[in-house]
Amino acid sequence: MSIVYLVVPCYNEEAVLPETCKQLTEKLRSLITQGSVSPESRILFVDDGSKDHTWKLIEQYHQENTLISGVKLAHNRGHQNALLAGLMAAKEYADCAISLDADLQDDIQVLDEFLEKFRDGCDIVYGVRKNRDTDSAFKRGTAQGFYKFMKVLGVDLVYNHADYRLMSKRALEALAEYRETNLFLRGIVPLIGYRHDYVYYDRQERFAGESKYPLKKMISFALDGVTSFSVKPLKIISNLGIIISILSVFGLLYALISYLTNQAVAGWTAIIASIWLLGGIQLLCIGVVGGYIGKIYNEVKARPRFRIEEFLKK
């Protein structure tokens, strides 16, 4: 029987954690009873520097429940780094690890399907949403637009997949070889290759608490995905510069011909509009280039992506 770790990143999840712990424990015990997984399997909660009582609850559940383990990060490092910390910790003990969110939106009843595909030889199994009916129209539209935009940029993403996935020990060891500071696991994991498959499920409403991904964080996460896996924005800037240069030559010829033929052209509005337009485009392009330079700056410093302060294990 395989040792399976359920890796659950947590940030200020005290409202939902009791129910999450209860449901995951029931599911894992059921899998153990069926003989699907080893009794050494665990639920690994990763506290990402929470400011509430999340870690105290994890410590309490660890004392009361032999299936609960916990990792406490020294400070908040963001969802992707917290998830990576949990996966790297699980790699040392598990035959495979399944990552899922603490808010109970990922359907844990399909864990059997994940494990079945793992036993069939898959190193990576992606949890894919059947639809986005539970999302608002705005979130649904922006999410689908993001996946399509990434596809245009040549980034290999699994459509409608977040971070609900199974990874074998071999896949986790391969993931450990990716050293970038700017993490975007949805883009990194498909690069690993290996045999993979999909499990389709319906995403539920959040059981309690508030979403940890407001609009600002969603935009930042999307920008990280774009700039971490594609240089096409830089190529677009280059092409845009060429087009504007060509148009500027035609504009210069028009102005010269108008001057030589003594045609008085007021043109003040057009000139001002052109200056504002070109100025805006230049600032936008400088911002995009600056974003890439900032990522290079963060990468070359090679600072630790996370630091584990405490590890509760049995």
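Angles between axes count as roughly parallel under 35 degrees, roughly antiparallel over 145, roughly perpendicular from 65 to 115, and oblique for the rest. Axes are lines fitted to C-alpha atoms, for helices over the stretch in contact, and angles run from 0 to 180 degrees between N-to-C directions.

This is a predicted model: local features need pLDDT of at least 70, side-chain atom pairs count only at pLDDT 80 or more, and totals for chains, interfaces and linings use all residues. Residues are numbered from 1 along each chain as its sequence is written, and side-chain values use heavy atoms, without hydrogens and water.

**Two helices**

Helices (H or I, at least four residues) and strands (E, at least two) are DSSP runs, numbered from the N terminus. Helix α1 (residues 17-34) and helix α4 (residues 111-119) have axes that come within 11 Å and cross at roughly 45°. α1 and α4 are therefore oblique to each other. In contact (heavy atoms within 4.5 Å), K27, L31 and Q34 of α1 meet L111, D112 and L115 of α4.

**Aromatic pairs**

Rings of Phe, Tyr and Trp (its six-membered ring) pair if their centres lie within 6.5 Å; planes under 30 degrees apart are stacked, over 60 edge-to-face, the rest tilted. The whole structure holds 5 such pairs. Two of them are tabulated here.

| Pair | Centre to centre | Between planes | Type |
|---|---|---|---|
| Y164 and Y201 | 5.1 Å | 90° | edge-to-face |
| Y198 and Y200 | 6.5 Å | 35° | tilted |

Y164 lies in strand β6 (residues 161-168) and Y201 in strand β7 (residues 196-201), so their pair ties together parts 37 residues apart in sequence. Ring pairs also link F114, Y164 and Y201 into a cluster.
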